[in-house]
Amino acid sequence: MNISAKLVVFISFMLFSMFFGAGNLIFPPFLGQSAGDHLWLALAGFIISAVGLPILGVIAVAKAGSLNALNLRVHPVFALLFPFFIYIAIGPGLAIPRAGSLAFEMGAAPFLPENFAVSPISLFVYSILFFGLAAWLCMYPSKLIDLFGKCLTPILLALIAIIFVKSLINPIGSFESPKGNYRENPLFQGILEGYLTMDALAALAFGIVIANTLAAQGVVDFKKKSQYMMYAGIGAGFLLTVIYLILGYLGGASSSLGEAENGAIILSNIMTYLFGQSGTLLLGIVFTIACFCVSIGLITSCSQFFSNAIPKISYKLWVIILAVVSTAIANLGLTQILQISVPILGMIYPIAIVLISLGLMDNLINKNRYIYISVIGFVGAFSILDTINKVFLENNLSGVFDILPFYLVGIGWLIPAIVGIIFGYILSWLKGNSAGTKTDL
C-alpha cells in the first residue's frame with residue numbers, strides 16, 4: 001500500500017520531534033558562540049555527525065527491516081543483549097528522567113517563587129503531571145502522527161521561526177574570534193561535538209516506532225516500509241539541519257551578550273535580549289515541548305520493544321512502568337544517574353556506530369558474518385576496557401590508551417574497527433567458503 005506525501009511529511013515531523021530534545025537545543029548555540037567567525041565550518045561538521053549519523057541509523061534499520069534483523073547478523077546473543085542496553089540507557093536510565101527534570105528547570109522553576117522552585121515537592125508534583133500526561137498519550141501510539149505531525153512539531157517549529165525572525169529584525173550582535181579548538185580545526189571540532197550528542201543510539205531505538213506507525217497505516221510490504229522509513233529519516237534530518245543552523249547562528253551572534261558556561265544560559269540571554277521578560281516564558285515553552293516530545297517518543301519506543309521482548313507484560317503496562325520509574329529517577333537526582341549512565345552510553349555508542357556502518361555496507365561485505373562478529377568484538381572489547389579504565393581504575397591505564405590514534409579526541413575505537421574488518425576478511429578467507437559466511441536471514 002502506498003501512503004500520501006502529506007503523511008510522509010507528518011511521519012518526518014514525528015521523527016524530528018522524537019530526536020529534538022533539550023540537549024539538541026543547547027549544543028548548537030554553545031557551538032556557535034565558541035566557533036565565532038568559523039561558525040559555518042563548525043556547523044557543517046556538527047551536522048555531519050549530529051544529523052548524518054542518526055539518519056544513517058534510521059536508514060540502516062530500514063534496510064535491514066528491523067533492529068533485531070540487523071543485530072542478528074552479528075549473533076543471536078548480541079541481538080538479545082545489545083538492544084536491552086540501548087533501550088535502558090537512553091530510556092529510563094537517563095534520557096527520559098533527564099527530559100522531565102530539564103522541562104521543570106527551564107519551563108516551570110523560573111516562574112515559581114524561589115522557595116517553591118528549589119523545593120523537592122515542586123519537582124515531585126511536576127514530574128507526576130509531566131510523565132502522567134506523557135504516559136496517557138503513549139497509550140495510543142497510532143495517534144502519535146496527529147500529536148506530533150499536526151500539533152506539537154508545528155508549534156515548536158513556529159516558535160523557533162519567530163525567534164529567528166525577531167533576531168533578524170533586531171540583530172543581536174556580530175561574530176567574534178573563535179575559541180579553543182575552533183581556531184585551528186573548526187570542521188573537525190564540529191564533528192566531535194555532534195558525535196557527542198549520541199543521537200545515533202536514539203535512531204536505532206526509534207526505528208520500531210516508525211515501523212509500527214507505517215504498519216498501522218497499512219504499509220506491510222518490506223520494501224515499501226523500508227522506503228518510507230528512509231523518506232521519514234531524510235525529512236527529519238532536513239528539519240534538524242535547518243534548526244541547528246538557526247540555533248548555531250543565534251549562538252554565534254550572542255557573544256556581545258557575554259560569555260556563558262552552557263547553551264541554556266546562552267539561549268536565556270538571547271531570549272531576554274529579544275523579548276525582554278516574556279522571553280523567559282517563550283523559552284520555557286520551547287524547552288517543555290521539546291522535552292515532552294522526546295519523553296513520549298522514548299516511552300513509546302521502549303515500551304514497544306520491551307512488550308515484544310517480554311510478551312507477558314503488555315505494551316500499556318510497560319508504559320506505566322517506564323513512566324513511574326522515570327518519575328522516581330527524576331526525583332532521586334540525576335547527578336548520580338549521570339555518573340552511571342554516561343559511561344554506559346560511552347561504552348555502547350561506538351558499537352552502535354560500527355553496527356550502523358556495517359548495515360549500510362552490507363551489500364559490499366556480502367553479509368559476511370565473520371566481519372560483523374570481528375568488528376563488533378574488537379570495538380566492544382575496546383569500549384568495555386576503556387569504560388573500566390575510566391570508571392573503576394580512574395584512568396590509571398590512560399598511558400596505554402593514549403597510544404591509539406584519535407583516542408584523545410573521542411574516537412579511539414576507529415583503529416579496533418579497522419583491525420576487526422581486516423581480521424574478519426582473513427578469517428573468512430581461511431574458511432574458504434564465502435557462501436558459508438553469509439548470515440541466514
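## Salt bridges, spaces and cysteines in a predicted model

The side chains of D362 and R73 come together in a salt bridge, with 3.4 Å from N to O. A salt bridge here is a side-chain nitrogen of Lys or Arg within 4 Å of a carboxyl oxygen of Asp or Glu. D362 belongs to helix α18 (residues 362-365) and R73 to the loop between α5 (67-72) and α6 (76-90), so this pair ties together parts that lie 289 residues apart in sequence. Helices (H or I, at least four residues) and strands (E, at least two) are DSSP runs, numbered from the N terminus.

A word on the model before going further. This is a predicted model, in which local features need pLDDT of at least 70 and side-chain atom pairs count only at pLDDT 80 or more, while totals for chains, interfaces and linings use all residues. Residues are numbered from 1 along each chain as its sequence is written, and side-chain values use heavy atoms, with hydrogens and water left out.

### The salt bridges

Side chains of opposite charge can pair when their charged atoms come close. How many salt bridges does the structure hold? There are 3, listed here.

| Pair | N to O distance |
|---|---|
| D362 and R73 | 3.4 Å |
| K150 and D146 | 3.1 Å |
| K390 and D386 | 3.3 Å |

Both partners of the D362 and R73 pair are buried: D362 has a relative accessibility of 3%, and R73 has 6%. Buried means under 20% relative accessible area, exposed means over 50%, and partly exposed is in between (1.4 Å probe, protein chains only).

K150 and D146 sit 4 residues apart in helix α10 (residues 144-169), and so are separated by about one helical turn. D146 is partly exposed, at 39% relative accessibility. K390 and D386 are also 4 residues apart, about one turn of helix α19 (residues 369-391). In that pair, K390 is partly exposed at 47%, whereas D386 is buried at 9%.

### The largest pocket

Next come the spaces in the model, found on a 1 Å grid over the protein atoms alone. A pocket is an open set of points with protein on both sides within 12 Å along at least five of seven lines, a cavity is a set of points where a 1.4 Å probe fits but cannot get out, and lining residues have an atom within 4 Å of a point. Grid points are joined across faces, edges and corners, and a volume is the space filled by probe spheres set on the points.

The largest pocket holds about 720 Å³ of space. It is lined by 26 residues, and G23, F27, L94, R98 and T197 are the closest to its centre. Two or more lining residues come from each of α1 (5-19), α2 (22-35), α7 (95-107), α12 (199-216), α15 (278-309) and α17 (334-360). The largest share, 5 residues, is that of α2.

By class, the pocket lining has 20 nonpolar, 4 polar and 2 charged residues. Ala, Val, Leu, Ile, Met, Phe, Trp, Tyr, Cys and Pro count as nonpolar, Asp, Glu, Lys and Arg as charged, and the others, Gly among them, as polar.

### The cavity

The whole structure has 1 cavity of 30 Å³ or more. The largest cavity has a volume of about 70 Å³, and its lining is made up of L25, I160, I163, L247, L250, L267, I270, M271, L283 and V286.

### Cysteines

How many disulfides does the whole structure contain? The search finds 0, where a disulfide is a pair of cysteine sulfur atoms within 2.5 Å. The sulfur of C138 has its closest cysteine sulfur in C302, 9.9 Å away, which is too far for a bond. C293 is in no disulfide either, with the nearest cysteine sulfur, that of C151, at 8.6 Å. Both C138, at 0% relative accessibility, and C293, at 1%, are buried.

F406 has a positive phi of about 75° although it is not a glycine. Look for F406 in the loop between α20 (398-401) and α21 (414-431), where it is partly exposed at 41%.

S122 is in helix α9 (residues 120-138) and is buried at 13% relative accessibility. Leaving aside residues up to four places away in sequence, S122 touches F104, L112, F116 and A117, where contact means heavy atoms within 4.5 Å. S122 and F104 are 18 residues apart along the chain, and their C-alpha atoms are separated by 8.9 Å.
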